[in-house]
Amino acid sequence: MPDQSVCVIGASGNVGKPTVDALLKAGGFRVTAVTRKGSTASFPDGVTAWEIDDSYPQDELHTVFSKHGSDAVICLLPPVDVNLLNMIADVAAQAGVKRFLPSEFGSDTDAPEVLQLVPMFGGKAAVTNHLKTKVSLGMTWTSVINGAFFDWGLRTGFMGFDLQSSTATMYDSGDTEVNATTLADVAQAVVGILRHPQETANRYVYVQNACFTQNQLLAAIEKSTGKKWTVNKRECAEARQTGGMKLSKGDMSGVPDMILGGLYAGEPAANYAKTRKLDNELLGIKEYPLEELVDKVINGQ
């Protein structure tokens, strides 16, 4: 089978870096990182860097997609400007790209309950819905649902657990089950999709390394660190309200409030493993004991 030509937009970001590494490690992919002029990002050997103007001109996108992304385009830009993302998808379809992976990579935006709890995810859903209109042109799509980024979320404190201060923010009862996947396995899911194009065409795929509650995660962290943590309480509804007010004023610090207020709000929005068929086996993703995942983060692995 000839190597697949893959373009990655946003290849230097949190998801982009491990995705590029996974594609190179897997072999069989010619990877092109589409970067904006003036970017200082660097890429591993074996990656072709292709510069385009900061405004993402359609003619420049068409050129790079035609030459280097005929098999797949992986778009990892922040899902903020829906018009821009839809335009990139349009150009990809016009250029004859076979598969498009949009900037999903998170909660189950195919569930109405999720969009109701976290309206800002509506942009992700809108892009996927737009991609559905391109199937008749010969371009298929796959949207990846992986829950929280486990290692990144724990290291940065985004999940509500501050490793530096040994302080946890517990939302509601702390007993809502949530899904999470490490960045390395999110990247492996992308490889698996491209290895199984027919089985993954025109649908959402669902993966996870673990499913757990905040209370279970706190217990695992306290065991791994050997410390008793300080716990602060917060209501999900208040977090979403606060986040919404901040975002309405252009304050992006409201993003974590909105996401965590939705993530921990309760099922079925939180735990898609109860309502969806997981694609772990197909895509080469394993599940691990929560304590093992926590230990790796704590030990810097």
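The crossing of helices H8 and H12 is right-handed; a crossing gets that name if the near helix is turned clockwise from the far one by less than a right angle, and left-handed if anticlockwise. This is a predicted model, where local features need pLDDT of at least 70, side-chain atom pairs count only at pLDDT 80 or more, and totals for chains, interfaces and linings use all residues. Residues are numbered from 1 along each chain as its sequence is written, and side-chain values use heavy atoms, with hydrogens and water left out.

Stay with that helix pair. Helices (H or I, at least four residues) and strands (E, at least two) are DSSP runs, numbered from the N terminus. Two packed helices are described by the angle between their axes and the distance between the axes. H8 and H12 (residues 290-298) pack at about 50 degrees, with axes 9 Å apart. Axes are lines fitted to C-alpha atoms, for helices over the stretch in contact, and angles run from 0 to 180 degrees between N-to-C directions. H8 and H12 are therefore oblique to each other. The classes are roughly parallel under 35 degrees, roughly antiparallel over 145, roughly perpendicular from 65 to 115, and oblique for the rest. On the H8 side, Gln216, Leu217, Ala220, Ile221, Ser224 and Thr225 meet Leu290, Glu291, Val294, Asp295 and Ile298 of H12. An α-helix has 3.6 residues a turn, so residues three or four places apart point the same way.

Now turn to a sheet. Three strands form an open sheet in the order S8-S9-S13, with mixed pairing. Strands S8 (161-162) and S13 (230-234) stand at the edges, each with a single partner strand, so one side of each has no neighbour in the sheet. Two strands pair if DSSP finds at least two bridges between them. S8 and S9 (residues 167-171) run antiparallel and are joined by two bridges. Phenylalanine 161 stands opposite alanine 168 in S9. Helix H8 (residues 214-225) packs on this sheet and touches S8, S9 and S13. The direction of H8 makes about 165 degrees with that of S9. Helix H9 (residues 236-248) packs on the sheet too, touching S9 and S13. The direction of H9 makes about 75 degrees with that of S13.

What angle do H9 and H10 pack at? H9 and helix H10 (residues 254-263) pack at about 150 degrees, with their axes 7 Å apart. That makes H9 roughly antiparallel to H10. H9 passes H10 in a left-handed crossing. Contact means heavy atoms within 4.5 Å. Among the H9 residues that meet H10 are Cys236, Ala239, Arg240 and Leu247. Their counterparts in H10 include Gly254, Val255, Met258 and Leu260.

Is H10 enclosed or open? Nine of the 10 residues of H10 are buried, so the helix is largely enclosed by the rest of the structure. Buried means under 20% relative accessible area, exposed over 50%, and partly exposed in between (1.4 Å probe, protein chains only). Among the buried residues are Asp257, Ile259 and Leu263. The buried residues of H10 pack against helix H4 (112-117), S9, strand S10 (178-181), S13 and H9.

Six of the eight residues of S2 are buried. Strand S1 (residues 4-9) pairs with S2 in the parallel sense over six bridges. Serine 5 has arginine 30 in S2 as its bridge partner. In a regular strand the side chains alternate between the two faces of the sheet. Threonine 35 is also found in S2. Threonine 35 is buried, with a relative accessible area of 11%. Leaving out residues up to four places away in sequence, threonine 35 touches Phe43, Trp50, Glu51 and Ile52.

Aspartate 172 has a positive phi of about 55 degrees although it is not a glycine. Aspartate 172 sits in the loop between S9 and S10 and is partly exposed at 28% relative accessibility. Asparagine 202 also has a positive phi, near 60 degrees, in a residue other than glycine. Asparagine 202 is in the loop between helix H7 (183-195) and strand S11 (203-206). Its relative accessible area is 31%, so asparagine 202 is partly exposed.

How many disulfides does the structure hold? The structure holds zero disulfides, a disulfide being a pair of cysteine sulfur atoms within 2.5 Å. Cysteine 75 is in no disulfide, and the nearest cysteine sulfur, that of cysteine 7, is 11 Å away. Cysteine 75 is buried, with a relative accessible area of 2%. Cysteine 236 is in no disulfide either, and the nearest cysteine sulfur, that of cysteine 211, is 15 Å away. Cysteine 236 is buried at 1% relative accessibility.
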